[in-house]
Amino acid sequence: MRKISGILAAAALLASVAFVAPAAHASETITGSGSSFMNAFQQVCSALYTKNKANYNSTGSGTGRTQFAAGTTDFGGTDSPYSSGAPSNFTYVPLVAGAIVVSYNVPGVRELRLTPNVLSDIFTGKVKTWDAAPIKKLNPSAKLPKENIQVVYRSDSSGTVQNFANYMIQTVGGTWKDNGTWATALGQSPVGVSAAQNQGVVARLSQTKFSISIADPADIKKAKLPVASIRNASGEFVKPTAGTAGRFIAAQKVEANGLIKFNYKAKVRGAYPITLVAYGLAPTASSKPDKAAAVKDYFTYMVKTCGPQRAASGDYVPVTGKLQAAALKLIDNIK
């Protein structure tokens, strides 16, 4: 009886410690904004993260960079680096990557092949109908309708747009420019209709027959929209998946600051070429050390745990290998 009483007493003590232990740690609430490309990934990770509370608002990369620089957020999210207006003490951290998906809404067409040149001609309005000769040549067995192509494009400053524009600059040239605003990136007046952020583009695409656009993989997957196969530099038509995008990203050079300057003309067999990396923005000298520590812990969780476990379910690419090593090294600078 004495032994049983001792066990019960020990169990009661352990239970009381386990119950009160969380209250001894005052968790932080951190807020970030930016990249709508990685919004679905951020929402999954923030919901599963338990050490602190993380809130992420999908505002677009341009707004995310501006708000972080202004100090109105604890961390930011962006798919492209600052061109100006960067804060003095911060670091980029690669958090997740993925394909920039070319998706469309054409009844009866579930498979579509496109080359960079034909894709550019569609977005610039040179190819106007779905049954136009350049598209038919690539898709001889598809039942392409004699309908006008409805382009859906981003209305806000977008890292997705800027990465796509750089893909076009490298593979096609022409009027394309390095910019996150669609009209500037296009180098001419846009054709079609606009929508804000990746989520708004996908909603408009779903509602508009005979439309086409670019967006993030998670929202396209959720909307159950078809995606185009794009011809890569090896001459292969490849569909975007976590595997095919990851193959292309793994072949890119990672700079010391964590950024990847994509070589979209690189010949990588079996790879989907239109890809990007989404970065976190974090302080390296903060007047709010508890907030900075919470950001550091949250970014570590995304890179080491949430990404490897959850990214692929949304067709994202987790940061692995040399990119993960760079990310963890940069996370050490968060203070």
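This briefing outlines a predicted protein model, from its overall makeup down to single residues. The protein has 12 helices and 13 strands; these are DSSP runs numbered from the N terminus, helices being H or I of at least four residues and strands E of at least two. Of its 335 residues, 51% count as buried, meaning under 20% relative accessible area, with exposed over 50% and partly exposed in between (1.4 Å probe, protein chains only).

**How to read the values**

- Residues are numbered from 1 along each chain as its sequence is written, and side-chain values use heavy atoms, with hydrogens and water left out.
- In this predicted model, local features need pLDDT of at least 70 and side-chain atom pairs count only at pLDDT 80 or more, while totals for chains, interfaces and linings use all residues.

**Confidence**

- The mean pLDDT is 92, and 92% of residues reach 70 or more; pLDDT is the predictor's confidence in each residue, from 0 to 100.
- Over residues 1–26 the pLDDT is below 50, and this stretch has two contacts in the model beyond near neighbours in sequence.
- Where pLDDT is low, predicted coordinates should not be read in detail.

**Overall build**

- The C-alpha atoms fill a box of roughly 90 × 50 × 35 Å along the principal axes.
- Among contacts with a separation of 6 or more, 72% come from residues 24 or more positions apart; contact means heavy atoms within 4.5 Å.
- The accessible surface is about 15,100 Å², and 54% of it belongs to carbon and sulfur atoms; the areas come from the Shrake-Rupley method with a 1.4 Å probe.

- Strand β7 (residues 150–154) pairs with β8 in the parallel sense over three bridges.
- Tyr153 stands opposite Ser194 in β8.

**Helix α2 and its cover**

- In α2 (residues 39–48), the residues Asn39, Phe41, Gln42, Cys45 and Ser46 are buried.
- Seen down the axis of α2, these buried residues fall within an arc of 155 degrees, so they line one face of the helix; the arc is that of the directions from the helix axis to the C-beta atoms.
- An α-helix has 3.6 residues a turn, so residues three or four places apart point the same way.
- The cover over the buried residues of α2 includes β2 (53–58), β4 and α11 (289–310).

**Single residues**

- Thr91 lies in strand β4 (residues 90–99) and is buried, at 6% relative accessible area.
- Beyond four places in sequence, the contacts of Thr91 include Gly280, Leu281 and Leu330.
- Ala69, in helix α3 (residues 61–70), is partly exposed at 32% relative accessibility.
- Ala69 touches Tyr82, Gly85 and Pro87, not counting residues up to four places away.
- Asn55 sits in strand β2 and is partly exposed at 27%.
- The C-alpha atoms of Asn55 and Thr31 are 4.7 Å apart, although 24 residues separate them along the chain.

Notes:
Two strands pair if DSSP finds at least two bridges between them.
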